[in-house]
Amino acid sequence: MWRMASNPPAFSIVGQRIPKLDAIDKATGHAEYGHDVHLPGTLVGKILYADVPHARILSVDVSRAKRLLGVKAVITGADNPARKFGYGADNTPLKADKVRTRRDEVAAVAAVDEDTAEEALELIRVEYAPLPALFDPAAALAEGAPLVHEDKASNLFTRYNYSHGDGERAFDAADVVVEGDFDLPYVTHGAMETSFCLAAFDLQGRVTLWSTTQIPFLLQRDLAEALGIPGRDIRVIQPAIGGAFGRGLDVYPFEPIAALLAKAAGKPVRIAFTREEEFIASATRQPAQVHVRSAAKRDGTLWARDARLLLDAGAYISWGAVTPLVMMETVASLYHVPHARFVADVVYTNNPPTGAMRGYGNPQSTFFVEVQMDELADRLGMDPVEFRLRNANGPNEETPQGLRITSCGLRECIGEAARRIGWQTKDNSRQKDREPQAEDKASHLRQGIGIAATLNVGGGARIYRSDGCGATVKVDDFGRVTLITGSTEIGQGSETALAQIVAECMGVCLEDVTVLNSDTSVKPWDVGTHASRTTFIAGNAARRAAEDAKRQILEAAAKLLRVPAADLETRGRLIFPRGEASRAVSFDKVVRSMHYREGGNVVVGTGWYDPPTHLVDKDTYKGNISAAYGFGAQAVKVEVDIETGKVRVLRIVAAHDVGRAINPMYVEGQIEGGIQMGIGYALTEQLQVREGRILNPSFLDYRVPTALDMPPVESVIIETADPEGPYGAKGVGEMGVTPTAPAIANAIYNAVGVRMTQLPMTAERVLRELKKKE
């Protein structure tokens, strides 16, 4: 790992490579995940899925299931509350009148054990009247197409239509235009832990839900809608979460189903997905059919982009329908683009529902934008690195879309990635890799290098009315600092980063800080973990709460030391006048002096941070959605077998502008984990969906790259110290995944001269393109 910063400040704890606070618990098996949670008398919940893509429900006979010994509750669509729920207000826990996709829930049971619950499902009889099904979003938009939802005017959920400059005339004035179609697949999250929830009602009718959600407070609201009970009577507890990657960004039917079963049975009910169920019943990254044009001037000025997208939402709308907001950022604001147009149709079909996944639309848009950046450079006769540097974003700029870029290290990222991969711009020597030398003519292996860049939100993303987070810092009379944060830990290490921020601010040791963040009845509000926002948003809230607590302590210390509070320092559990460490008083002694006196008080600091952003204009889609933006570039070296089409990634250099690395070890982990997902998106991962059925619902057939598939990765951390971020930090969680696939595609072109526009770039597809070239 290389870390680049200009004049890095001297911090005690921020910037240190510190292991996770929960590392020992997880490594030794002591961490309690959702699947480990069992309450006395807990029943096993199981769901019956339709397995037909579109049909009327004529009858649901549960009589035999109810008579089975050990079955405590059976529910159907007749037991649904009256209101629909979800982002599109189009879903119900169980389906009463019709099913719209094969994974629709038609009945559920609660039983004393899993075998009994499975047997009960087999005893349920459902009679259907089949309806015409739609599996192609283009067909779903055709005149006369059957409606997936009869209460909608059409199968078009919404159209995003953005533009700046003069799109059509700009292409007429351009010197070089490239145009192409891109086909991007379904991809699933593949988290180690499958989806889980456990619901239990108390005697007052209040429900507690243990859940793998990423949005506990929004889940309260959504469950209130789904269950028809007040949100104040819903408590959400998050156990340790074994990965999410966007999966937990919505409420899904299994969560209210668990609550309905618990209410019907009068006992706690847990629903834990099998691995096959996780593939079938959880949301996926939406597939995209894309037509793109890009244009440039002869002098190397990027001139225009025009992207038209058809997005398959599946049978129900989730927060995944908002991904075009992120896609259009890449089209309109990655590099200086004087003219841009973006049109995306989000369409209902009878395919599986799609949703949020790491990158939130950016892996799709970065792929087609960066492949065409390389193609433009090729047509211009320019080196791809020089072309990108010529048009790169810079600090303190505002894009035509309204993105206010503060800190920006894009040029440094591109330059470092290219330099470290061995790029030679002056004589364009990378092109020599495409043709073998005379002595290697018999070889069937070709090597090439490629590069791609990325723009990501790094300071939150206002897609909800509030993008804020609350925090409380409490200090006891032993000097123990407790941070109660609204943020959610999903395995990314945010607890430790927040503890480092608080410890740095208050001048205590990291081991003095405890983080609490798992219970909505205890922690303050937060919109959720998404959009790479936690370090930036929750970090600012935690720092404000720590500063509030520190102010109270320094005011008390000032009275003990008889100096103004402004002249005091805190460091290493000591408080002393600046420059007079010999007069130090211990941190905990000062806190006790505040407690043990007449009129004493506890030390509690509060903080709230909602970034200075706003929702984009609903008509123009312009506006500053984030308080900071992260940038990055990845350079890749690949080897292509021209006889089989197999692609092997030999090396990756990943340079990312993170503002300030609160914990460089976690930054590396986020980048390398993102690259692993990016390699899968590029080369192996595709959820095979035929007529609404998932054909490969297992890790045997859905090919996630393993540790053995990972190439050497060199991480380069570029620090630009964002003025709004806590100690200069920006978000980094999603950046690692977005440029990987286009960098690999560009390296394949450099190696063998074929442009890949369909993902994943399997050996069969690469070989097919090689044969077309011949």
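Predicted model: local features only at pLDDT ≥ 70, side-chain atom pairs only at ≥ 80, totals over all residues.

**A helix pair up close**

Modeller: Let's start with helix α13 (residues 494-506) and helix α14 (residues 534-561), whose axes come within 9 Å and cross at roughly 30 degrees. An angle under 35 degrees counts as roughly parallel, so that's what we call α13 and α14 relative to each other. The crossing of this pair is right-handed.

Who touches whom? On the α13 side you'll find S494, A497, L498, I501, V502, C505 and M506, and they meet T534, T535, A538, G539, A542, R543, A546, E547, A549, K550 and I553 of α14. Sort the residues of that contact by class and you get 11 nonpolar, 4 polar and 3 charged.

R562 sits in the loop between α14 and β25 (568-571), and R562 has a positive phi of about 60 degrees despite not being a glycine. That's worth a second glance because most residues other than glycine have a negative phi.

Now zoom out. The chain is divided into domain 1 (34-131 + 194-241 + 247-281), domain 2 (284-461 + 616-773) and domain 3 (468-609). Between domain 2 and domain 3, the C-alpha centres are 39 Å apart. Their contact involves 22 residues of domain 2 and 19 residues of domain 3. Together the two bury about 1,500 Å², with 58% of it on carbon and sulfur atoms. On the domain 2 side, I662, P726 and Y727 supply 38% of the area buried against domain 3, more than any other three residues.

The crossing of α11 and α12 is left-handed. Here V385, R388 and L389 from α11 meet R411, I414, G415 and A418 from α12, and by class that contact has 4 nonpolar, 1 polar and 2 charged residues.

One last stop: the loop between α17 (740-752) and α18 (763-773), where P760 lies. The peptide bond joining L759 and P760 is cis, with omega at about -10 degrees. Most peptide bonds are trans.

Key
Residues numbered from 1 in each chain as written. Heavy atoms only, no water. Axes fitted to C-alpha atoms, helices over the stretch in contact; angles between N-to-C directions. Helix = DSSP H or I, 4+ residues; strand = E, 2+ residues; numbered from the N terminus. Parallel < 35°, antiparallel > 145°, perpendicular 65-115°, else oblique. Left-handed = near helix turned anticlockwise from the far one by under 90°. Contact = heavy atoms within 4.5 Å. Nonpolar A, V, L, I, M, F, W, Y, C, P; charged D, E, K, R; others polar. Domains from an automatic or database assignment. Buried area = accessible area lost by both parts, 1.4 Å probe.
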